[in-house]
Amino acid sequence: MIPELGHFALVLALAIALVQSVVPLYGARTRDTVLMRVAEPTALAQFVLVAVSFAALVSCYVTSDFSVATVFENSHSTMPLIYKFTSVWGNHEGSMLLWVLILAVFGALVAAFGANIPATLKATVLSVQSWIAAAFYVFILATSNPFLRLSPAPFEGRDLNPILQDFGLAVHPPMLYLGYVGFSISFSFAIAALIEGRIDAAWARWVRPWTLIAWICLTLGIAMGSYWAYYTLGWGGWWYWDPVENASFMPWLAGTALLHSALVMEKREALKIWTILLSILTFSLSLMGTFLVRSGVLTSVHAFATDPMRGIFILVILVLFIGGGLALYAWRAPLLKQGGLFAPISREGALVLNNLFLTTACATVFVGTLYPLALEALTGAKISVGAPFFNATFGPLFVPLLVAVPFGPLLAWKRGDIKGVTQRLAAAFVLALVGIAAVCVVEGRPVIAAFGIGLAAFVIVGAITDIVERTGLWRAPFPTTLRRAIGLPRSAWGAAFAHIGLGVTLLGVVGETQWGAEQIVSLRQGDKVSLRHYDFTFDGTSTRNGPNYRELAVKFTVRRNGEPIGIMQPSKRTFPARGMSTTEAALMTRGFSQIYASLGEVTPDGAVAVRLYHKPLVLLIWFGCVVMAVGGALSLSDRRLRVGAPKPARSRAAIQPAE
Amino acid sequence: MCAATMRAAMGARFLVAALLLAGAGAPSYAVQPDEILPDAKLEARARDLSHELRCMVCQNQSIDESDAPLAHDLRVLVRERLKAGDSDSQVVDFLVARYGEFVLLKPRFEWTTAPLWLAPGALLLVGAAALWAALRRRRGSGGGPDAAVPLSDHERARLAELTGANRP
């Protein structure tokens with residue numbers, strides 16, 4: 001009964017989405033207020049219906065109703081409750097339902113809080129949102145229905161892939177989807193602007209909060225995925241340039257570019273057409289991220305053959321939205337008026353440079369990810385494009401971007417003074433050089449590490465310089481500085497935090513990749529091994545039974561200079577339901593660095609292969625991402641962007657100049 | 001499940017990969033203690049090479065990271081060649097001759113891969129050129145509100161009148 005209810009709710013949501021796809025748009029074209037206002041109740045109704053559908057599926061999983069095919073495939077009665085819950089989206093069908101749920105949430109939010117958006121634009125945006133929703137409902141109902149029943153119902157489920165039985169699954173996919181789907185709003189706004197043939201600075205202001213929300217979630221989602229991979233996969237890698245990772249990284253790069261270009265549009269009415277294009281591209285990449293990964297086509301072209309219906313559906317949706325969006329762009333964009341002029345050396349110029357490098361970096365990832373596929377399809381030749389390629393191409397594109405980061409916020413709009421900015425960045429330059437010299441003296445080689453640290457220091461100190469300059473720290477009396485700091489627009493703080501976060505992540509990347517150390521040894525009880533300043537003693541092994549697995553743990557005592565500093569217990573788990581095993585690494589945090597221990601093969605004579613790593617500064621990689629997200633959140637709380645906020649109460653004079 | 005898919009499934013290591021492809025996953029043990037060469041210099045070269053070689057039955061994984069039996073065999077093979085005195089490029093050539101270009105995670109520059117390798121630079125140049133052109137066009141047209149169009153005689157006279165410069 002409950003699965004049928006969920007199924008039915010989804011069909012109803014499709015029906016409502018079809019109404020919302022047409023009626024408000026027609027109303028907007030004919031200036032019919034009544035028809036336009038249909039969008040709000042339908043968007044809310046879609047949300048309610050999809051929520052009911054999702055709740056129905058959750059209930060099937062939580063109660064282990066194995067008569068539902070997807071529950072049987074992905075769940076087990078002995079799984080802890082949290083994994084029963086998260087396994088709802090640990091598979092294709094359920095994750096698609098999560099996708100449309102988030103889409104419906106965003107649609108409902110625009111309907112409920114978009115009071116300050118002009119009626120025609122809002123109606124058009126919600127109609128476009130509904131096109132996407134309708135396409136996805138049809139896709140789910142036709143090819144990926146999570147509510148299909150099995151008869152007779154099996155007695156026990158097949159269990160969730162053990163590697164997914166982790167808290168990471170509770171956070172990573174929902175965050176990633178919030179990011180992907182959030183960009184659908186900027187897409188809908190872009191399409192609506194093209195349909196209306198009108199776009200101005202206010203448009204950028206209405207889109208910005210949604211883009212920011214999406215960007216924050218995507219940043220955290222990617223960081224979470226990276227940390228999850230790091231602690232679960234047993235050898236401490238945190239980024240693999242895997243096609244699946246690239247699929248989430250491309251929308252992030254494009255979305256970051258979009259945030260910056262929308263800034264120019266909002267402040268100076270320039271880069272309008274480019275911003276529209278980026279909005280379309282960012283969501284297109286999100287769609288591709290969702291779909292190409294889902295379809296398995298990234299692993300092999302032949303994946304389409306296993307489920308041609310799904311594959312063809314995916315292709316049609318991609319062609320409709322990406323092709324349709326770009327065609328509309330080509331047709332209507334020339335009608336949009338270009339805005340303000342600016343000199344090459346200016347804030348706008350810096351943001352254009354940022355966009356040039358970010359989009360090129362994004363395109364590089366795109367080409368690298370899809371090239372093997374295209375080559376195989378065209379010529380049949382099989383090649384691999386992996387981490388070494390991306391490190392060799394992406395790195396050189398990102399370094400100049402990082403060098404330019406501190407300059408951007410310090411340059412004036414319209415016409416900047418590069419000499420003045422360089423002087424103001426003197427402190428950052430000096431600190432970067434000191435950093436390079438210090439690292440060279442203390443650590444010696446590799447030289448690249450020293451330059452990496454120097455660059456990170458430059459980015460961080462450069463971002464702080466902007467805040468120091470604006471608040472007049474050390475030049476004005478302290479109360480004045482404090483007052484200025486409080487009065488500074490939140491978006492200025494946001495930019496500073498986001499840029500600092502970038503530098504912090506870079507510190508972590510340099511530390512982990514350049515100074516990491518490892519020991520791969522075979523150990524027996526009582527054996528000792530040392531790594532850097534740490535000594536490990538193999539105290540013994542123990543076994544225990546978890547709810548749905550058996551575990552073999554090895555106990556190490558860790559000493560530094562002879563003093564015990566803690567115990568590490570890496571383990572291996574065996575899941576009988578799937579006959580699979582996972583390795584649970586043990587992590588010991590020392591400041592921002594970590595010691596990482598994981599187990600390999602256990603030989604019959606009792607020796608255990610142990611992998612020990614010292615990962616200097618590794619936590620900064622993800623900490624930096626969190627700082628970036630905090631920057632995004634600060635920017636989101638900026639008064640001028642507050643969703644549905646009334647006009648600023650303060651007088652214009654009290655508001656800080658644009659940044 | 002056939003052996004190849006089983007191994008491929010075990011190779012899925014990024015979690016999203018495992019999640020989204022619904023491929024079964026297993027921990028990567030990668031390099032095993034018994035594989036490591038006593039000669040540290042040779043071992044370091046072997047590790048560097050391993051990072052650039054693909055485990056062909058895995059999903060986008062180097063043989064250094066993979067726990068698949070094939071990756072183990074390749075790691076041992078690389079070390080054997082190095083011990084026999086091969087240079088790095090000889091080892092790579094040997095593996096390419098045996099397994100094809102697919103084994104290289106960083107494809108060589110050839111006519112089939114030229115677009116791949118040239119794309120980043122070409123895109124950057126095209127982007128920069130487009131920006132340059134846009135800048136030139138805007139300056140050339142000069143019709144923008146900010147462009148410095150000199151005042152006409154009439155305007156100058158009117159300005160002087162307004163500012164009172166002609167007042168006696």
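Start with Trp241(A). Buried or exposed? Trp241(A) counts as buried, because 21 C-beta neighbours lie inside 10 Å. The rule: a residue is buried if 20 or more other C-beta atoms lie within 10 Å of its own, exposed if 12 or fewer, and partly exposed in between, with C-beta atoms placed from the backbone.

Before going on, some housekeeping. This is a predicted model: local features need pLDDT of at least 70, side-chain atom pairs count only at pLDDT 80 or more, and totals for chains, interfaces and linings use all residues. Residues are numbered from 1 along each chain as its sequence is written, while chains are lettered from A and ligands numbered from 1 in the order in which they are written.

Back to Trp241(A). Its phi is positive, about 55°, although Trp241(A) is not a glycine. Trp241(A) lies in the loop between H9 and helix H10 (243-268) of chain A. Helices (H or I, at least four residues) and strands (E, at least two) are DSSP runs, numbered from the N terminus.

Ser64(A) is another non-glycine with a positive phi, near 50°. Look for Ser64(A) in the loop between H3 and helix H4 (69-74) of chain A. Ser64(A) is partly exposed, because 17 other C-beta atoms lie within 10 Å. Then there is a cis peptide bond, between Ser151(A) and Pro152(A), with omega about 0°. Pro152(A) sits in the loop between helix H7 (119-143) and helix H8 (168-196) of chain A. For background, most residues other than glycine have a negative phi, and most peptide bonds are trans.

Next, helix H3 (residues 39-62) of chain A, where Val52(A) is found. Val52(A) is partly exposed, because 16 other C-beta atoms lie within 10 Å. What does Val52(A) contact, leaving aside neighbours within four places in sequence? Gly6(A) and Ala9(A). Contact means that the C-beta atoms of two residues, placed from the backbone, lie within 7 Å. Val52(A) and Phe8(A) are 44 residues apart in sequence, and 9.7 Å apart from C-alpha to C-alpha.

Now the cores. A nonpolar core is a set of buried Ala, Val, Leu, Ile, Met, Phe, Trp, Tyr and Cys residues joined through C-beta atoms within 7 Å. The largest has 220 residues, and Val100(A), Leu103(A), Tyr137(A), Leu253(A) and Ile276(A) have the most contacts inside it. Helix H9 (residues 201-232) of chain A gives the most to this core, 19 residues. A second, separate core has 18 residues, including Phe556(A) and Tyr596(A).

Domains next; the bounds come from an automatic or database domain assignment. Chain A is divided into domain 1 (1-165), domain 2 (405-515 + 620-644) and domain 3 (517-615). The centres of domain 2 and domain 3 of chain A, taken over C-alpha atoms, are 39 Å apart.

On to the strands. Two strands pair if DSSP finds at least two bridges between them. Strand E3 (residues 534-545) and strand E4 (residues 550-560) of chain A pair antiparallel over 11 bridges. A hairpin through four residues joins E3(A) to E4(A). Thr543(A) has Leu552(A) in E4(A) as its bridge partner. Leu552(A) also stands opposite Lys572(A) in E6(A). E4(A) and E5(A) form a hairpin too, with two residues between them, and Asn561(A) in that turn has a positive phi of about 50°.

There is also an open sheet of four strands, in the order E1-E10-E9-E8 (chain A), with antiparallel pairing. Strand E1 (517-523) and strand E8 (586-590) of chain A are at the edges, each with a single partner strand, so one side of each has no neighbour in the sheet. Within this sheet, seven bridges join strand E9 (residues 593-602) to strand E10 (residues 608-615) of chain A.

Last, chain B. How many helices and strands does chain B have? Seven helices and zero strands. Of its 168 residues, 38% count as buried. The contact between the chains takes 50 residues from chain B and 63 residues from chain A. H6(B) supplies the largest share of the chain B side, 10 residues.

That's the tour. Over to you.
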